[in-house]
Amino acid sequence: MWGAIITLTGILTSWINDSLGVRRATLCGFFLSCLSFLVLGLTQSLDTVYAMIFFLLPLGESMGIPMLTVAIRRCTTQKNRGFAF
């Protein structure tokens with residue numbers, strides 16, 4: 001279910017990644033992921049856990065991971081790409 005939500009979020013918010021660019025989308029995505037993991041670690045509310053797992057964390061992952069792949073492809077050569085991945 002979580003993977004499906006990440007895929008759906010990625011499809012629905014792909015225009016945000018395109019408009020932000022690689023660097024800003026990656027930074028925003030990983031900031032949202034870190035924030036949601038921090039809240040997950042500190043919360044005692046089950047509703048907050050559900051909100052993080054089913055909304056904020058998939059949003060951060062769908063912004064960060066695809067753009068990280070694009071950044072690695074842009075910033076590496078064919079010779080060192082295997083090491084970067």
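Predicted model: local features only at pLDDT ≥ 70, side-chain atom pairs only at ≥ 80, totals over all residues.
## Overall architecture

The chain has five helices and zero strands. Its pattern along the sequence is α-α-α-α-α. The C-alpha trace spans about 50 × 25 × 25 Å along its principal axes.

Of the 85 residues in the chain, 32% are buried. The chain exposes about 5900 Å², and carbon and sulfur atoms supply 69% of that area. Among contacts with a separation of 6 or more, 70% join residues 24 or more positions apart.

Helix H1 covers residues 2–12. Its buried residues are Ile-5, Ile-6 and Thr-9. They cover an arc of only 100° around the axis, which puts them on the same side of H1. Ala-4 and Ile-11 are exposed on the other side of H1. H4 is included in what covers the buried residues of H1.

Thr-13 lies in the loop between H1 and H2. Its relative accessible area is 13%, under the 20% limit, so Thr-13 is buried. Leaving out residues up to four places away in sequence, Thr-13 touches Leu-59 and Ser-62.

Asn-17 and Asp-18 are both in helix H2. Asn-17 is buried, with a relative accessible area of 7%. Asp-18 counts as exposed because its relative accessibility is 64%, and the limit is 50%.

Beyond residues up to four places away in sequence, Asn-17 touches Ala-25, Ser-62, Met-63 and Met-67. Ala-25 is one of the buried residues of H3. Met-63 belongs to the largest nonpolar core. For Asp-18, there is a distance to Leu-46: the two are 28 residues apart in sequence and 34 Å apart in space, C-alpha to C-alpha.

Helix H3 runs over residues 22–42. At 1.5 Å a residue, its 21 residues should span 30 Å. The end C-alpha atoms are 30 Å apart, which agrees.

The buried residues in H3 are Val-22, Ala-25, Thr-26, Gly-29, Leu-32, Ser-33 and Ser-36. Seen down the helix axis, they fall within an arc of 135°, so they line one face of H3. An α-helix has 3.6 residues a turn, so residues three or four places apart point the same way.

That buried set packs against helix H2 (14–20) and helix H4 (46–75). The other side of H3 carries exposed residues: Arg-23, Arg-24, Phe-31, Cys-34, Leu-38, Gly-41 and Leu-42.

## The nonpolar core

The largest nonpolar core has five residues. They are Leu-32, Met-52, Leu-56, Leu-59 and Met-63. H4 gives the most to this core, with four residues. Leu-32 is also among the buried residues of H3.

What does Leu-56 contact, leaving aside its neighbours within four places in sequence? The partners are Leu-32, Leu-35, Ser-36 and Ala-51. Of these, Leu-32 is another member of the core. Ser-36 is one of the buried residues of H3.

A search of the whole structure finds one aromatic pair. The ring centres of Tyr-50 and Phe-54 are 6.1 Å apart and the planes lie at 25°, so the pair is stacked. The stacked class takes planes under 30 degrees apart.

Tyr-50 and Phe-54 both lie in helix H4. They are four residues apart, about one turn of the helix. Tyr-50 counts as partly exposed at 43% relative accessibility. Phe-54 is also partly exposed, with a relative accessible area of 35%.

## Helix H5

Helix H5 covers residues 81–84 and holds Gly-82. Is Gly-82 buried or exposed? Gly-82 is exposed, with a relative accessible area of 63%. Gly-82 and Glu-61 are 21 residues apart along the chain, and their C-alpha atoms are separated by 22 Å.

Definitions and conventions. Residues numbered from 1 in each chain as written. Heavy atoms only, no water. Helix = DSSP H or I, 4+ residues; strand = E, 2+ residues; numbered from the N terminus. Expected span 1.5 Å × (residues − 1). Buried < 20%, exposed > 50% of the residue type's maximum accessible area, 1.4 Å probe, protein only. Arc of directions from axis to C-beta. Contact = heavy atoms within 4.5 Å. Core = buried A, V, L, I, M, F, W, Y, C linked by side-chain atoms within 4.5 Å. Phe/Tyr/Trp six-rings, centres within 6.5 Å; stacked < 30°, edge-to-face > 60°. Areas by Shrake-Rupley, 256 points an atom, 1.4 Å probe, with all protein chains shown as cover.
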